[in-house]
Amino acid sequence: MGSPIPEKVRKRRAISENPTASQSSSEGDFDAVVEEIQAEARRRRESGEYPAAFERELDALFEDLVPERLREHDFEAVLDRAERASLIDLHAPVDDERRAYAQVKRGVQKLILWYMDYVVRQLATFAASTTRAVRLLGNRVEAIDERQTALARRLPEVGDVGDLLPRDHHTVESWSDGAVALLSGVSGRILHAEAGDGGVVKRLLDAGADAYGVDPEAAEDSLELRAQGALEHLGVVGEGALGGLLLSGITDRAPTEAKIRLAQVAGEVLAPGGRVVLLGNDPEHWAERVPAALADLAPGRPFHADTWRLLLERSGFDGVDVRTGPETGTYLVTATRG
Amino acid sequence: MPAPAAVHQFVSSFVPRDAVSMHALGVRGLLRDLGFDSEIFVKESRAEMVRESRFYRSFDPTGPAVLVYQAATGSAMADFLGARREPLVVNYHNLTPPQFFAAWEPHTAVELDVGRRQIADLAPRADLAVAVSAFNESDLHGLGYDPARTTVAPVLIDPATLHREVDPATRDRLEADGGDGPAILFVGRLAPNKAQHDLVKALAALVEVYGGSPRLRLVGAPSSPRYQRALRGLVAARGLEANVELAGSVTDAEAGAHYATADVFCCLSDHEGFCVPLLEAMHHGVPIVAYAAGAIPETLAGAGLLLPEKDPATVAAALHRVATDASLRERLVVAGRRRLQDFALDRARARFAEALRPVLEGVPV
């Protein structure tokens, strides 16, 4: 049933019948408006009106509501489904509203039952054997998983000695101005690993950047600061997913192999044009500062700044710049992903 | 190829107000006007459409005929047509890629997969494939159709059928519940590929950044109960129950009330083969904000704000801009009305007839 045109619609019609407005409208005009809208969204983000964590929270909220996603990755559930599917029903439905059709179907079924039975038995045996083999393989992978977890639990005992070293907050504090200045203008997400209490991340967020941090000793586990090891986290960051990367702490403490890998991973996770900023201690200065026994037992020692320069250049970085702080015995190395 | 005396269509599901069914009626009218014998054969139809159609298994042509398959879903009809010998035209309306449903309704994903395979299986058999958008034509090429035998022609929808009368009770209710922000409308099935969850996120951003109490009205029946539940969950988690209405399936007049009270039509779909509701919004003078995915840029053709990304901040900024910029709204409405003229029935009929010409050789079109 119809009704008089409401006020809102009447207004719209009056507007649409304005010939001047019609002449001024064009596709290009809307492209410019879209650009203004994008600029507005950027400006609001940069001013902090629109916290970077807000969109991530919305995404996370919805992800939690997707029903099958988790089950799709659950090995047991997938295997159960495969096992159920491996049961092949030999008796196809023969019912039909048309009696003659139903009789024909029954006749055909009876006629070929011996043949179907022979084929189906083989198919079912094959399917059951395959799922059984996959289950056995799954059990073996699980056993390897358990052994690896047990081994990993033992390995930190070596690392624990390194952990006796006091956490070096001084280096990050002394270079935080420089790091924020170098990173706040980059395009894309910025990761600080290890982020300590998240002080630099907060400064970057305040500057309008889309930043987050990871630290194995993070007091809280939030979207801005996650309780996770640097290498562990970098291992799951997508290729080219970051615009900026600030590395500290791990750059001194990690064993040599891990530090070499760290430079390689930095080259992988940064998008072309992305910037890495690496903070470290001069090894001689570090050795003087740290008690000899702890220095000897530490799994890793700091690199010279020039070592990082070499590693970063080998990992595809350009324009490596080293800044040293003679008073503090620390340095900042920055480079751009080529 | 001898000139056929008849061109018959095959539509799996023939229901009132459905875009594909309405298109099939339009095509039948065109074919009859061109002098062909033309009937619509269906697998299933609603009671009110029975007189307009025949059961496809009863198809028994008496002379040369061309068959036109309105492909929009998986159907046993595709296998039936694949086994026949008459010249075949596939009129492709698009099938949602199954991955959109895999996490939500695995059985639907399987059905969609089967449907796409059926359409792919018809590729070597089809003399011509007519897609309703260039996006769909490209999809056909991906399904194995020879680009030399595909073309594009828009849906035949009489603009008069886009008009919705206004149900006064619904209009009064919607106006009373107007809130103090824009009323945002989207019309389409509740489906993962239509990404209504992104509309809820954008609404959350609109509330967070611009304040007020905007309304989001989602009109359309759910095609995934799980997705609908998740959508409700997202709304509840953000405390937006008062702002969001999941209207479900509505009558024409109720839809008219929604269009009449909407300040902006917003489409953030990840996959659309054409999107008829965009034309409805243009017809009802509702300015459009849309995400540039699938056939949307093509259907819109500049008659709306086309966003290259749909993060909540950008969409919220676009919605706020349209709601507060009277001059922009005016230009969007004018552009929409002008774009609608491109789909005028006489033009669309001429384009469709031209598209069919290769299989109707010898017949003046």
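Student: What share of the contacts in chain A with a separation of 6 or more comes from residues 24 or more positions apart?

Tutor: The share is 61%. This is a predicted model, and a contact here requires heavy atoms within 4.5 Å. Chain A itself contains 16 helices and seven strands.

Student: How much of chain A is buried?

Tutor: Of its 338 residues, 35% are buried, that is, under 20% relative accessible area.

Student: Why is D215(A) called buried?

Tutor: Its relative accessible area is 1%. The cut-off for buried is under 20%, so D215(A) qualifies. This residue sits in the loop between strand 2 (211–214) and strand 3 (225–226) of chain A. The C-alpha atom of D215(A) is separated by 6.3 Å from that of A193(A), 22 residues away along the chain.

Student: What makes the peptide bond from A193(A) to E194(A) cis?

Tutor: Omega of that bond is near 0 degrees. Most peptide bonds are trans. E194(A) lies in the loop between strand 1 (189–193) and helix 10 (199–206) of chain A.

Student: Turning to chain B, what is noted about the phi of N94(B)?

Tutor: N94(B) has a positive phi of about 90 degrees, although it is not a glycine. Most residues other than glycine have a negative phi. N94(B) is placed in the loop between strand 5 and helix 3 (99–102) of chain B.

Student: Why does N94(B) count as buried, and how is A301(B) classed?

Tutor: N94(B) has 8% relative accessibility; the limit is under 20%, so N94(B) is buried. A301(B) has a relative accessible area of 36%, which falls between 20% and 50%, and therefore A301(B) is partly exposed. A301(B), too, is a residue other than glycine with a positive phi, near 45 degrees. It occupies the loop between helix 12 (296–300) and strand 13 (305–307) of chain B.

Student: Which are the edge strands of the open sheet in chain B?

Tutor: The sheet has seven strands in the order 3-2-1-4-5-6-7, with parallel pairing. Strand 3 (54–55) and strand 7 (150–152) of chain B are its edge strands, as each pairs on one side only.

Student: How do you know that strand 4 and strand 5 of chain B are joined?

Tutor: Pairing requires at least two bridges. Five bridges join strand 4 (residues 65–71) to strand 5 (residues 88–92) of chain B, and these strands run parallel. In strand 5, L88(B) is the bridge partner of L67(B).

Student: With which strands does strand 11 of chain B pair?

Tutor: Strand 11 pairs in the parallel sense with strand 8 (residues 183–187) of chain B over two bridges and with strand 12 (residues 288–291) of chain B over three bridges. V264(B) stands opposite I184(B), while V289(B) in strand 12 stands opposite C266(B).

Student: Which way do the residues of strand 11 of chain B point?

Tutor: V264(B) and C266(B) point one way, F265(B) and C267(B) the other, and all are buried. In a regular strand the side chains alternate between the two faces of the sheet.

Student: What makes up the lining of the largest cavity by class?

Tutor: Its lining has seven nonpolar, no polar and no charged residues. They are V155(B), I157(B), P159(B), L162(B), L279(B), L340(B) and F343(B). The volume of the largest cavity is about 40 Å³, and the structure holds one cavity of 30 Å³ or more.

Definitions and conventions:
Residues numbered from 1 in each chain as written. Chains lettered and ligands numbered in written order. Predicted model: local features only at pLDDT ≥ 70, side-chain atom pairs only at ≥ 80, totals over all residues. Heavy atoms only, no water. Helix = DSSP H or I, 4+ residues; strand = E, 2+ residues; numbered from the N terminus. Buried < 20%, exposed > 50% of the residue type's maximum accessible area, 1.4 Å probe, protein only. 1 Å grid on protein atoms, 1.4 Å probe; cavity = no way out; pocket = protein on both sides within 12 Å on 5 of 7 lines; lining within 4 Å. Points joined across faces, edges and corners; volume = space filled by probe spheres on them. Nonpolar A, V, L, I, M, F, W, Y, C, P; charged D, E, K, R; others polar.
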